[in-house]
Amino acid sequence: MKKYYLTTPLYYVNAQPHIGHAYTTVAADVLARFWRSSGRPVHLLTGTDEHGSKIEDAAAEAGLGVKEFADRNSAAFRELWSHLDIRYDDFIRTTEPRHESRVQECFARLIESGDAYKGRYRGYYCVSDETYWTETDAPPDEKGRRLCPNPECRKPLQQVEEESYFFRLSKFQEPLLRHYKENPGFLLPAQRANEILRFVEGGLQDTAISRTKVKWGIPVPGDPEHTIYVWFDALLNYVTAPQSGGAFTDCWPADVHIVGKEIYRFHAVTWPAMLLALGLPLPKSVFAHGWWTVEGQKMSKSRGNFVDPREVTREYGVDAFRYFLLREMPFGNDGDFSLDALRKRYNAELANDLGNLVSRVEQMVDSYLGGAMPGRDQDGAPSLAKEFAAKGPQLAARMEAFDFCGALGLIWECIGRLNTHINEKTPWKLVKTDPEATREVLFDLVRGLRIVAGWIEPFMPQTAAKMHAQLGVRQFPAPLSPEQVLAGETTGLGKIHKAPPLFPRK
Ligand code: ME8
């Protein structure tokens with residue numbers, strides 16, 4: 001059965017992972033967990049991008065051999081993903097032989113077909129972005145310097161003149177435009193499509209895909225004076241990884257490549273053109289999310305304001321961090337990260353709305369009913385749990401549309417309903433006059449919470465595990481579907497018990 005195959009970018013190993021990298025990877029993990037729990041086989045690929053001058057220079061600066069440097073920093077990404085409960089299926093490093101040999105094969109195929117040819121490159125190069133720029137892209141500024149035209153970068157460009165292999169990108173202008181037109185779900189979110197369409201309609205030029213001045217790269221087959229351009233090398237990981245794991249036919253074409261907006265053009269233009277040249281089907285979609293600033297500032301080396309996810313999770317826990325990332329900034333938009341905003345959401349939405357609700361319900365079941373699951377389904381009786389279950393398709397539609405924020409919004413609406421229900425029914429009063437009615441109220445609340453626990457698992461796996469255990473659900477780690485909760489598959493299995501607050505107030 002075809003797997004839902006999704007990817008993150010391969011992160012450069014020149015630096016330590018920060019919240020930007022964590023963002024994309026958490027988002028991919030949430031999607032992967034969501035589809036897995038809906039019974040769909042999933043393949044999530046992430047990894048590290050390790051060739052090119054940027055890495056070579058950073059290793060020299062750190063006083064380490066490049067391989068040693070890459071090993072150390074690639075491990076830092078893996079360790080962070082394990083700390084953040086990222087459940088990936090494969091982690092690829094572009095320095096692995098399984099990748100390098102296949103990249104060479106692809107390069108050779110393009111030379112053979114004529115879609116790659118040897119020429120001479122004259123122009124500019126940004127090491128920080130590993131991007132080629134033409135003279136017209138980067139006119140000299142008032143001081144006569146040529147700076148990277150990417151507004152996020154603006155570093156001085158290198159002037160480059162060298163023999164180079166070129167990829168015949170120009171040939172793919174029409175096929176790409178046709179593909180965009182025929183597949184409106186390819187360029188996502190839809191508001192990003194226009195900028196790509198305009199760019200491609202403006203005409204595509206062949207692009208250089210090899211360097212002679214860069215030694216830290218994959219040699220061009222049969223011409224080892226040249227190394228393969230790091231982007232040509234890195235993009236191919238999306239096919240080399242599943243090819244080498246024997247998962248290619250189950251995975252390809254990818255369902256979605258999730259990337260930051262700054263590398264969208266590589267994924268929306270260059271990559272599909274490479275696939276067309278290689279005769280491979282195109283991914284179903286490429287999604288560009290927005291960028292985080294930190295306390296209103298761009299994250300940069302000079303400002304030294306990179307947010308280390310470990311510091312945030314030390315204070316707030318892994319789940320609150322995952323939650324905040326996806327709740328604060330609608331996927332596709334830009335947003336700002338601040339500890340103040342995190343603390344506010346933590347206290348209001350996690351400690352109060354959710355944590356307090358769970359404690360109150362458990363407390364009541366414990367003291368009024370000795371921790372036993374309170375009662376049974378009454379045919380036809382109005383029930384919040386049934387209402388929630390009916391919202392399952394709506395939740396799935398939001399996840400299908402990569403609308404994490406909307407999905408969490410829907411879950412929190414349900415949490416709000418449960419809180420209002422307690423306040424309206426006042427079980428602490430009701431229990432004095434009508435124990436049977438109290439049972440029914442608590443029964444509905446517990447089932448509602450069990451549904452919520454299953455829904456939040458992709459976002460907050462540790463919290464979901466705790467909630468399942470506290471709510472007497474022994475089936476975890478397979479999150480329950482609302483239908484299973486309603487069918488009472490877990491009823492009576494375990495005792496409902498109080499536990500320390502899920503989110504102690506900060
Ligand atoms: O570009 N806000 O790697 P990279 C949101 N190796 N996301 C951010 C972010 C921010 N401020 N900063 C980084 C590369 N990201 C190439 C990719 S793919 C074949 C090769 C995330 O280490 C976002 O996903 O610079 C962005 O696209 C990625 O990190 C860039 O990581």
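Good morning. The structure is a predicted model, in which local features need pLDDT of at least 70 and side-chain atom pairs count only at pLDDT 80 or more, while totals for chains, interfaces and linings use all residues. Residues are numbered from 1 along each chain as its sequence is written, and side-chain values use heavy atoms, with hydrogens and water left out.

Let me begin with the overall division. Domain 1 covers residues 4-290 and domain 2 covers residues 338-486; such bounds come from an automatic or database domain assignment. Taken over C-alpha atoms, the centres of domain 1 and domain 2 are 42 Å apart.

I turn now to the interface. How many residues of each domain are in contact? Domain 1 contributes 15 residues and domain 2 contributes 12, where contact means heavy atoms within 4.5 Å. Together the two domains bury about 1,200 Å², and 74% of this area is on carbon and sulfur atoms. Buried area here is the accessible area, taken with a 1.4 Å probe, that two parts lose on being put together, summed over both. Of the area that domain 1 buries against domain 2, V30, R33 and F34 supply 40%, more than any other three residues.

A salt bridge requires a side-chain nitrogen of Lys or Arg within 4 Å of a carboxyl oxygen of Asp or Glu. Across this interface the rule finds 1 salt bridge. On the side of domain 1 that touches domain 2, helix α1 (residues 19-37) gives the most, with 7 residues. Helices are DSSP runs of H or I with at least four residues, strands are runs of E with at least two, and both are numbered from the N terminus.

In one of them, R93 pairs with E50, and the closest N and O atoms are 2.7 Å apart. This pair links distant parts of the chain, 43 residues apart: R93 is in strand β3 (residues 90-93), and E50 is in the loop between β2 (42-49) and α2 (53-62).

Finally, the aromatic rings. The count comes to 31 aromatic pairs. Rings of Phe, Tyr and Trp (its six-membered ring) pair if their centres lie within 6.5 Å; planes under 30 degrees apart count as stacked, over 60 as edge-to-face and the rest as tilted. Why is the pair of Y11 and F77 stacked? The ring centres of Y11 and F77 are 5.6 Å apart and their planes lie at 10°, so the pair is stacked. Because Y11 lies in strand β1 (residues 4-12) and F77 in helix α3 (residues 66-83), the pair ties together parts that are 66 residues apart in sequence. Thank you.
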